[in-house]
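Student: I am new to this structure and would like to get to know it piece by piece. Could you take me through some questions?

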Amino acid sequence: MAEVSRRPPLLSILIALAGAAFFLVPLIATFNFSLRMTRGELSFAAYRSVFESDTFLSVLGFSTVASLMAIALGALIVVPTAYWVRLRLPHMRPLIEFLSLMPLIIPPVVLVFGYVRLYGTSSILPLTMTETGTNILLVIGYVVLSVPYMYRAVDNGMAAIDIATLTEAAESLGASRPRTIAFVIFPNIRSAIVSGAFLTFSISLGEFVITSLLNRPAFGPYLVQMGQDYAYQPAALAIMAFAFTWVCMVLMELFATRRPGQRLLQWRAPRTVEKAKS
Amino acid sequence: MSFLTLSGINKSFGANTVVRDFDLAVEPGEFVSFLGPSGCGKTTVLRMIAGFETPSGGTIRVGGADVTALPASRRKIGMVFQAYALFPNMSVRDNVAFGLRIAGMTRAQIDARVAEMLDLIALGHLADRYPYQLSGGQQQRVALARALAPRPNLLLLDEPLSALDAQIRTSLRDDIRRIQRELGITTVFVTHDQEEALSISDRVVVMYKGRADQIGTPAQIYNHPTTRFVAGFVGKLNTFDARVAGADSLAFGGQEFSGLRRAGLNAGVPLTVALRPEALSLHRRPGDELSLPGRVQHSSFLGSVIRAQVEVAGQSVSIDMFNRADAKLPVAGAPTEVWFTRDDVLVLPEVSP
Ligand SMILES: Nc1ncnc2c1ncn2[C@@H]1O[C@H](COP(=O)(O)OP(=O)(O)O)[C@@H](O)[C@H]1O
Ligand SMILES: [Mg+2]
């Protein structure tokens with residue numbers, strides 16, 4: 001073993017290079033293609049054309065709002081659930097974890113057809129009959145799709161702190177359960193929630209199946225439509241979506257590694273010890 | 001009137017009864033320790049006082065009021081945990097202020113009280129640090145200040161020193177006792193360390209298998225244990241199987257000793273006799289009345305103490321003697337006499353297992 005690891009790991013490097021090429025070559029090709037809208041020169045014309053389109057801005061706005069609502073609703077459902085399960089029903093955790101994975105097992109098509117049947121014209125709660133109702137269904141669909149990621153992120157965040165003892169400490173100081181959740185539990189798993197939020201955002205922003213079957217004017221169907229109608233703009237959109245995902249990842253990482261009392265991009269200066277007395 | 005009263009407390013988890021018929025009355029300002037081996041139910045009793053567990057039977061009164069059914073958040077009881085349990089997202093100052101904010105005090109009142117508490121634990125200069133920037137000992141002092149800030153009726157500490165290293169443990173132990181005296185707050189302290197319990201408590205409750213085996217001052221517990229478990233758990237002990245030989249005499253170690261009372265027991269009843277290592281000597285001291293013959297097995301020099309193992313009546317007996325400049329180390333194999341006084345003989349009701 002020791003001998004192997006001392007040799008330059010040529011094979012590993014080759015595999016890594018092959019993997020990187022597999023990923024980078026199409027990316028570079030797409031990027032290159034997206035710059036060639038104006039014949040004979042490299043330009044950002046395709047990007048400009050995308051940004052000048054009113055449809056682009058309106059679908060992006062719609063999807064952003066829907067995704068943010070999905071994040072808020074998801075966090076409101078997942079955080080108290082994960083908290084309660086860890087605090088009071090620890091033996092149920094494997095079951096809840098399994099349930100949280102269901103959205104990965106059940107295809108979104110099944111989910112959305114279920115919705116349409118349940119909340120369609122003849123149901124007692126005909127959500128699909130109105131614009132608002134359909135939007136609500138869309139947000140709920142996004143929440144369901146993001147639950148596996150949100151639950152995992154939040155549950156991991158809770159594993160990192162001793163929530164049972166922190167809860168007891170807060171209660172012995174007079175805090176009610178809601179206050180404990182708001183002032184002690186929530187702030188301590190904020191970075192976990194933020195990671196879950198970025199994942200939710202990147203899933204729901206480009207979501208296609210549920211969105212198009214509910215016929216919503218959102219980003220996912222728009223991307224597909226563009227792909228059918230144009231050549232260069234979809235490449236530009238793909239590159240932008242890719243860049244956006246990476247920005248999300250970086251922000252997630254920043255939030256996840258931040259310690260209390262630090263700003264997001266603070267340089268870790270040697271800590272200064274203040275003089276006594278407050 | 002006692003301030004904290006536990007009467008007939010029982011607690012079961014499913015079929016597993018972990019606290020049985022627990023009675024205790026704690027006086028105002030008293031410092032009481034629960035001492036016992038791991039798993040004997042100390043934490044469970046403490047958590048019932050705090051309100052984190054509900055007794056299966058019995059009542060808990062604080063200051064005359066029945067709090068058995070009151071939720072923890074309304075009991076006004078300060079709690080310190082073994083693992084500190086500081087809020088990681090809050091600075092030292094905000095941790096200490098937490099209970100005051102919940103109580104709805106004004107900003108000025110909170111600032112004043114926080115400063116006062118940080119002075120008490122001598123950590124005013126670290127007010128803006130976060131828990132992860134503090135040592136274990138500092139964190140536990142902050143936890144103590146946080147628990148005391150809202151002026152609770154009672155202070156409960158669950159093995160607060162167990163996670164700390166030896167030196168800090170002793171100094172923080174003394175700090176806890178000093179602060180407790182200064183504030184005059186009624187305190188219950190849980191530990192499995194007998195030295196800790198004996199050194200800081202007004203009274204000690206020795207717990208065994210969910211029961212209070214003996215309740216008494218540290219001196220009573222150590223000098224006059226009433227059960228074999230207490231005698232063995234609190235301090236080191238040499239035990240002998242004994243039996244009642246007459247109205248005032250007991251037989252053990254192959255001899256019969258008179259002047260040892262065991263009222264009301266018939267001759268032949270088996271008992272246990274216990275002798276502390278420090279009560280025994282290989283030299284006859286003034287006051288030593290009784291002795292048993294033995295043979296030195298080995299001895300070691302421990303600085304202030306000389307420790308010898310002596311074979312007496314077929315069993316090995318530990319002896320601790322103060323070291324003096326003229327003391328000689330007992331020689332292995334040498335015949336000797338083991339001396340003690342009548343008062344040193346602890347007669348315990350149970351037969352050794
Ligand atoms: N929540 C619980 N559920 C089931 N058993 C418990 C629970 N809490 C404590 N016990 C059991 O009660 C017994 C006493 O525990 P504890 O009070 O923590 O002991 P100690 O603090 O003296 O070490 C142990 O056997 C433990 O397993
Ligand atoms: Mg315990």
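Student: In which sense do strand 15 and strand 16 of chain B pair?

Tutor: Keep in mind that this is a predicted model. Strand 15 covers residues 290-301 of chain B, and six bridges link this strand to strand 16 of chain B. In strand 16, Glu311(B) is the bridge partner of Arg295(B). The sense of the pairing is antiparallel.

Student: Which residue in the turn between strand 15 and strand 16 of chain B has a positive phi?

Tutor: These two strands of chain B form a hairpin, with three residues between them. One residue in that turn has a positive phi of about 85 degrees, and this is Gly303(B).

Student: How many bridges join strand 16 of chain B to strand 17 of chain B?

Tutor: Strand 17 spans residues 315-322 of chain B and runs antiparallel to strand 16 of chain B. In strand 17, Ser318(B) is the bridge partner of Gln309(B). The two strands form a hairpin with two residues between them, and Ala313(B) in the turn has a positive phi of about 45 degrees. The number of bridges joining the strands is eight.

Student: How many of the eight residues of strand 16 of chain B are buried?

Tutor: Strand 16 is made of residues 305-312 of chain B. This strand is mostly covered, and the number of its residues that are buried is six.

Student: Is Thr44(B) buried or exposed?

Tutor: Thr44(B) belongs to helix 1 (residues 42-50) of chain B. Not counting residues up to four places away in sequence, Thr44(B) touches Lys11(B), Phe13(B), Val18(B) and Val19(B). Its relative accessibility is 13%, and the cut-off is under 20%, so Thr44(B) counts as buried.

Student: Let us move to chain A. What is the hand of the crossing between helix 6 and helix 7 of chain A?

Tutor: The axes of helix 6 (residues 108-118) and helix 7 (residues 131-159) of chain A come within 11 Å and cross at roughly 145 degrees. Among the residues making the contact are Leu111(A) and Tyr115(A) of helix 6 and Ile140(A) and Val144(A) of helix 7. By class, the contact has seven nonpolar, one polar and no charged residues. The crossing is right-handed.

Student: Why does Ile193(A) count as buried?

Tutor: Ile193(A) lies in helix 10 (residues 190-205) of chain A. Leaving aside neighbours within four places in sequence, Ile193(A) is in contact with Ala75(A), Val79(A), Met150(A), Val154(A) and Phe186(A). Ile193(A) counts as buried because its relative accessibility is 8%.

Student: Which feature does UniProt place at residues 56-255 of chain A?

Tutor: In the model, this span is 82% helix and 0% strand, and its end C-alpha atoms lie 29 Å apart. The UniProt entry is unreviewed, and the feature it gives for these residues is "domain: ABC transmembrane type-1".

Terms used
Residues numbered from 1 in each chain as written. Chains lettered and ligands numbered in written order. Predicted model: local features only at pLDDT ≥ 70, side-chain atom pairs only at ≥ 80, totals over all residues. Heavy atoms only, no water. Helix = DSSP H or I, 4+ residues; strand = E, 2+ residues; numbered from the N terminus. Buried < 20%, exposed > 50% of the residue type's maximum accessible area, 1.4 Å probe, protein only. Contact = heavy atoms within 4.5 Å. UniProt positions renumbered as here; feature names shortened; annotations may be inferred. Axes fitted to C-alpha atoms, helices over the stretch in contact; angles between N-to-C directions. Left-handed = near helix turned anticlockwise from the far one by under 90°. Nonpolar A, V, L, I, M, F, W, Y, C, P; charged D, E, K, R; others polar. Pairing = 2+ DSSP bridges.
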